[in-house]
Amino acid sequence: MAKQQHLGWFLSRGFGPQGWGRPDWDWGYDWRRPDLYQQSVRQLEQAGLDLLIIEDALSAGNPATLDLRVRTAYGAPKHDPVVLTPYLLDATRHLGIVPTVNVGSYLPYVAARQFASLHHLSDHRVGINVVTDVGSATHLGQERLSHDAAYDRADDWVTGIRELWHSWSDGALVADPATGRYADASQIDAVRHRGSHFSFDGPLNAVPFDGADPLIVSPGGSPRGLDFAGRHSDVQLALTSLDVDSIRAYRERVRTASAAHGREDALRTLFVMKPRIVASAEEADRVVAASAHPGEEQLKAIALGWSSDAETDLTVLDLDRPLDDVVFGEHVSRGTVAGLRGRYAEEPDAPLRRILAQHARLCRVTDGTGRRGTEFVGTAEEVADLIEELGDDAGNDGLILSGDLHPVTVHRMLDELVPVLRRRGILRREYGDGGVAGNLRDF
Ligand SMILES: Cc1cc2nc3c(=O)[nH]c(=O)nc-3n(C[C@H](O)[C@H](O)[C@H](O)COP(=O)(O)O)c2cc1C
């Protein structure tokens, strides 16, 4: 039997207009209402997925580049995924729901209390995807921290939250009708947290969990990000090429980082995957061949997406001239520019057209050669072959499928893949009762 693996879903553009700009928009779901997401999460659960992670960004962008973010709803609008979470928990029984939370946006005491409440309400199915983006500091009236200082703050934030979650010891909750005593204050730690960024007193006024804490998920892949994961996380959300060597190397970095904090085997690493499932190998070949020649409209859409991410208008540039770094202001992350340049990082004369076209190019999942990326085309059997290979040959824990939460996207990705994975024993058929942390520890 193949190695069993965990599947999750990453709602990659957050709680925003699902399906805008595509024909499926005309299914007529209202993205502002819970029904669309509730329908989708029921299907994720039926499919045996372990968790949903909801992307978020606090900011609609600065006034000068706002139109780039909103023109095609690429970066905004975006509603708050924490507020969506209870609706999704109510629609499901086993699926973990993990909204993204920017560390700057909640004081540790408030976050500890809200997530403790949600965790109790959902029978231990909640998590936090902890992110450290500082671009939104201006909305929060905060100073903009450096990359590493933002991680220091995140360390302090999670440490403080865990102290609060554990401020009630095992004997604190008595609930004995015979004596009429509900709780014993002598068993509650007052918590005096004096950290590098947060100072506060406890204890938390929420009762303790009779199971694992809410799941801590982290997506940062830099050395500092992996150190954070090694110290605090239950799940690392990982982005790397989906080939055996890259997966082995990333998993080894996570293992080293967690071992450095005495947390051997504490993390599950889940790799982002965006498969495009087609009916036959011939269709896959056709789709891949066509993707090598994107039309002007497609290049424009890609330029607009990157313009939103880089808060720099690439749509006004001449496609046939080299992309000059001076167009990017100081506020633009060098990682974003490197991501845009991609394979042309060392070719300053490469015209913008070629740089953009590489982002349209799809590859076959069966391309065994070199680096495969995270997005590819194949039949369900071919994609399952890759998933099986990553589990058996690289010890992979699992994958996070990335897309919106429109039912059409969910069906396209899962309808054929799920039965194949089940037949091979890779995907679960039933859940235990240990909440989301328990599900991730089942195998
Ligand atoms: C798969 C993935 C998902 C991410 N999701 C979010 C998100 O929802 N919100 C956000 O602000 N940042 C998100 N990030 C960005 C990371 O939080 C982090 O800021 C970025 O990866 C830079 O950190 P690093 O230098 O440690 O890699 C995501 C990154 C990855 C790889």
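**First stop: H6 and H7**

Select residues 223-232, helix H6, and residues 244-260, helix H7: their axes come within 7 Å and cross at roughly 55 degrees. Axes here are lines fitted to C-alpha atoms, for helices over the stretch in contact, and angles run from 0 to 180 degrees between N-to-C directions. Helices (H or I, at least four residues) and strands (E, at least two) are DSSP runs, numbered from the N terminus. H6 and H7 are therefore oblique to each other; under 35 degrees counts as roughly parallel, over 145 as roughly antiparallel, 65 to 115 as roughly perpendicular and the rest as oblique. The crossing of H6 past H7 is right-handed, a label that applies if the near helix is turned clockwise from the far one by less than a right angle.

Now show side chains. From H6, Leu-226, Asp-227, Ala-229 and Gly-230 meet Arg-253, Val-254, Ala-257, Ser-258 and Ala-260 of H7 (contact: C-beta atoms, placed from the backbone, within 7 Å). Colour by class and the contact of H6 with H7 gives five nonpolar, two polar and two charged residues. Ala, Val, Leu, Ile, Met, Phe, Trp, Tyr, Cys and Pro count as nonpolar, Asp, Glu, Lys and Arg as charged, and the others, Gly among them, as polar.

A word on what you're looking at: this is a predicted model, where local features need pLDDT of at least 70, side-chain atom pairs count only at pLDDT 80 or more, and totals for chains, interfaces and linings use all residues. Residues are numbered from 1 along each chain as its sequence is written.

**Second stop: H1 and H3**

Next, pick residues 35-46 (H1) and 81-91 (H3), whose axes come within 9 Å and cross at roughly 45 degrees. H1 and H3 are therefore oblique as well,, and H1 passes H3 in a right-handed crossing. Tyr-37, Gln-38, Val-41 and Arg-42 are the H1 side of the contact, with Leu-84, Tyr-87, Leu-88 and Ala-91 on H3. That contact has six nonpolar residues, one polar and one charged.

Most residues other than glycine have a negative phi, and most peptide bonds are trans. Go to Pro-77, in the loop between helix H2 (66-70) and H3: the peptide bond from Ala-76 is cis, with omega near 5 degrees. Then jump to the loop between strand E8 (199-201) and strand E9 (215-218) for Pro-203, where the bond from Gly-202 is cis too, with omega near -5 degrees. Finally, centre on Asp-123, between helix H4 (108-121) and strand E4 (127-131); Asp-123 is not a glycine, yet has a positive phi of about 60 degrees.

**Last stop: the ligand**

Which residues come nearest to the ligand? Of the 16 around it, select Glu-55, Pro-219, Gly-220, Ser-222 and Gly-225 (near: C-beta atom, placed from the backbone, within 6 Å). The shell divides into six nonpolar, six polar and four charged residues.

Key: Contact = placed C-beta atoms within 7 Å.
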